[in-house]
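Q: I am new to this structure and would like to learn how to read it. Could we go through it one feature at a time?

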Amino acid sequence: MLFSLLSFIYLHDLVARYADASFVERRVDRYVKLPVLHSTDQQAFPSTYEHKRAAASIPLARRADVAYYAKLNIGTPPQPVYVQLDTGSFELWVNPDCKTLESTFDERFCNAVGHYNPSQSSSAVGLSLTKTLKYGIGSANIQYVVDNIGLAGTDTLLQDVQFGVALDTVDEFSGILGIGHGENVTIRYKNLIDQLADQRITLTKAFSLALGSKSEQEGVIIFGGLDTSKFTGTLRTQPIIPAENAPDGVPRYWIGMQSLSITPPSGNTRQYPNTSMAVFLDSGATITLLPTRLANAIAADLGAGTIDADGFYPVDCKVNNQPGTLNFAFNGVTIRVPYREVVREVETILGPQCYLGISPSEEFVLLGDTILRSVYTVFDQTNNAVHMAQYSNCGSSEKEIAISTDLGSVKGDCEAPNFQAADANTDPLDTDGNQGAGAGPGESLESGAATRNSPGLDGWLMICVASYAMYIVSMSLV
């Protein structure tokens with residue numbers, strides 16, 4: 001009887017552990033993966049999209065529906081907060097002031113991303129230090145706090161991380177996770193990338209980013225790792241331009257672009273003149289900034305109208321369905337960006353309106369989300385390099401990045417996208433036919449996360465065997 005009871009307890013624990021594996025990703029290798037959520041994902045942020053009329057009334061330049069988010073669990077007990085992933089800044093902060101936003105849509109989105117209350121966390125330590133962070137649009141006055149941070153959906157818990165809690169903000173509808181260079185480069189303390197390496201969660205200060213295409217509505221960021229089923233061809237190394245040689249003199253992800261060309265639906269590629277220049281990779285920027293002459297030339301080739309008062313080029317929404325590409329050439333690799341990824345479609349009171357996701361700028365050249373959706377990128381602070389390949393989604397095959405990993409020779413598993421087959425119903429970047437990298441249609445954010453790390457065939461067989469054994473043992477106890 002005692003043996004039967006002990007067997008029952010053991011088998012019950014075995015089933016519980018396998019069942020729970022689908023909800024929390026337990027790390028074996030030294031990397032950690034987080035889903036990247038598009039703010040257009042209505043399953044992830046349902047309260048934001050309850051009233052379409054409110055969304056249609058927002059000025060285009062201030063819309064909150066075109067950014068990329070990751071979920072953090074901050075404090076003890078954990079408080080869930082979504083933060084915008086930003087390769088263009090260096091610090092983490094939370095708690096934007098939602099009441100200052102001009103539209104009800106932005107305010108609802110701001111409230112939906114979550115709020116952290118240090119007084120509700122037993123592990124929080126307040127600091128007296130304050131700072132003002134300024135961005136291309138908006139700013140945040142913050143006070144620093146030290147607390148524990150968990151990466152949602154994993155068993156990773158970072159201890160004693162310094163970050164900012166907003167005292168007041170201007171034109172900010174979410175907190176920001178800056179994943180640029182940190183300690184002793186841009187700031188005096190360890191940022192999240194530093195902490196991941198310092199606390200031995202990762203082996204290097206490298207992370208890979210796949211934003212996912214517009215139709216997928218979800219991507220993935222892997223700290224300390226990469227996914228060879230998210231790109232085609234071989235990763236090619238681009239040295240990061242040192243700050244002293246960078247256009248703005250700041251240590252950012254500046255790299256050299258060799259040329260830019262266009263392949264219209266006719267298939268006749270044409271290169272734009274004088275397009276060798278330094279470009280900055282910024283996941284926190286919705287649109288791409290190019291020199292005025294170049295932005296005007298691209299707009300004309302796509303049939304866009306003259307630039308409007310907000311600095312955007314109106315374009316016919318039919319361009320979304322045309323199989324053309326913009327081609328960004330770097331050392332050893334050319335990134336082809338489908339027209340559909342460059343076009344920004346928004347709902348207005350008058351119906352859908354489309355704009356080119358490129359604007360003119362004479363300050364510096366910035367490749368934002370409208371371009372980065374088509375790139376698989378490994379940001380490698382350890383080796384001061386960025387490794388790039390054509391984004392293509394054909395599943396999931398994750399690998400750890402070690403100090404010895406030759407990132408410039410890693411090959412992707414996916415076939416090259418068929419850009420000429422693109423139309424309104426076909427996403428050339430999704431070669432595996434995925435709806436997204438995680439949750440599918442009708443699934444909530446939580447259910448999507450719950451299915452990302454299933455036990456697999458062996459696991460389900462073990463569960464079935466264990467369940468049957470539990471039944472036999474329970475019968476013997478009667």
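**Reading the model**

A: We can start with a sheet: four strands form an open sheet in the order S15-S14-S19-S20, with antiparallel pairing. Keep in mind that the model is predicted.

Q: Which strands are the edge strands of this sheet?
A: Strands of a sheet pair through backbone hydrogen bonds, either parallel or antiparallel. Here the edges are strand S15 (270-271) and strand S20 (333-338), each of which pairs on one side only.

Q: How many bridges join S14 to S15?
A: Strand S14 (residues 259-263) is joined to S15 by two bridges, and the two run antiparallel. Across this pairing, Ser261 stands opposite Gln271 in S15.

Q: How many helices and strands does the whole protein chain have?
A: Its secondary structure comes to nine helices and 27 strands. Of the contacts between residues at least 6 apart in sequence, 72% join residues at least 24 apart.

Q: Which residues of helix H3 are buried?
A: An α-helix has 3.6 residues a turn, so residues three or four places apart point the same way. In helix H3 (residues 104-112), the buried residues are Phe105, Asp106, Arg108, Phe109 and Cys110. After H3 comes Gly114, which has a positive phi, near 100 degrees.

Q: What percentage of the residues of the protein chain count as buried?
A: Of its 478 residues, 53% count as buried. The chain exposes about 20400 Å², and carbon and sulfur atoms supply 53% of that area.

Q: Which residues touch the most other members of the largest nonpolar core?
A: In soluble globular proteins, nonpolar side chains tend to be buried together. The largest nonpolar core here has 71 residues, and those touching the most other members are Val94, Phe163, Ile221, Phe223, Ile298, Phe328 and Phe330. Another core, of 17 residues, lies apart from it and includes Leu235, Tyr376, Val378 and Ile401.

Q: What is Phe223 in contact with, leaving aside its neighbours within four places in sequence?
A: Its contacts include Tyr31, Val32, Leu34, Leu151, Ile179 and Phe207.

Q: How many aromatic pairs does the structure hold?
A: A pair of aromatic rings is described by the distance of the centres and the angle of the planes. The structure holds 12 aromatic pairs. In one of them, the rings of Phe207 and Phe223 have centres 6.1 Å apart and planes at 50 degrees, so this pair is tilted.

Q: Where do Phe207 and Phe223 lie?
A: Phe207 is in strand S9 (residues 206-210) and Phe223 in strand S10 (residues 218-223), so the pair ties together parts 16 residues apart in sequence. Both Phe207 and Phe223 are buried. Together with Tyr253 and Phe379, Phe207 and Phe223 form one aromatic cluster.

Q: What kind of aromatic pair do Phe312 and Tyr355 form?
A: Phe312 and Tyr355 are edge-to-face, at 6.4 Å centre to centre with 70 degrees between the planes. This pair links distant parts of the chain: Phe312 is in the loop between helix H5 (292-301) and strand S18 (313-314), while Tyr355 is in strand S22 (residues 351-356), 43 residues apart. Phe312 and Tyr355 are both buried.

Q: Is Thr232 buried or exposed?
A: Thr232, found in strand S12 (residues 231-239), has a relative accessible area of 13%, so Thr232 is buried. A polar atom of the Thr232 side chain lies 2.9 Å from the backbone oxygen of Cys414. Beyond its neighbours within four places in sequence, Thr232 is in contact with residues including Ala389, Gln390, Cys414 and Pro417.

Notes. Residues numbered from 1 in each chain as written. Predicted model: local features only at pLDDT ≥ 70, side-chain atom pairs only at ≥ 80, totals over all residues. Heavy atoms only, no water. Buried < 20%, exposed > 50% of the residue type's maximum accessible area, 1.4 Å probe, protein only. Polar contact = N/O pair within 3.5 Å; in protein donor to acceptor, adjacent residues only side chain to side chain. Contact = heavy atoms within 4.5 Å. Core = buried A, V, L, I, M, F, W, Y, C linked by side-chain atoms within 4.5 Å. Phe/Tyr/Trp six-rings, centres within 6.5 Å; stacked < 30°, edge-to-face > 60°. Areas by Shrake-Rupley, 256 points an atom, 1.4 Å probe, with all protein chains shown as cover. Pairing = 2+ DSSP bridges.
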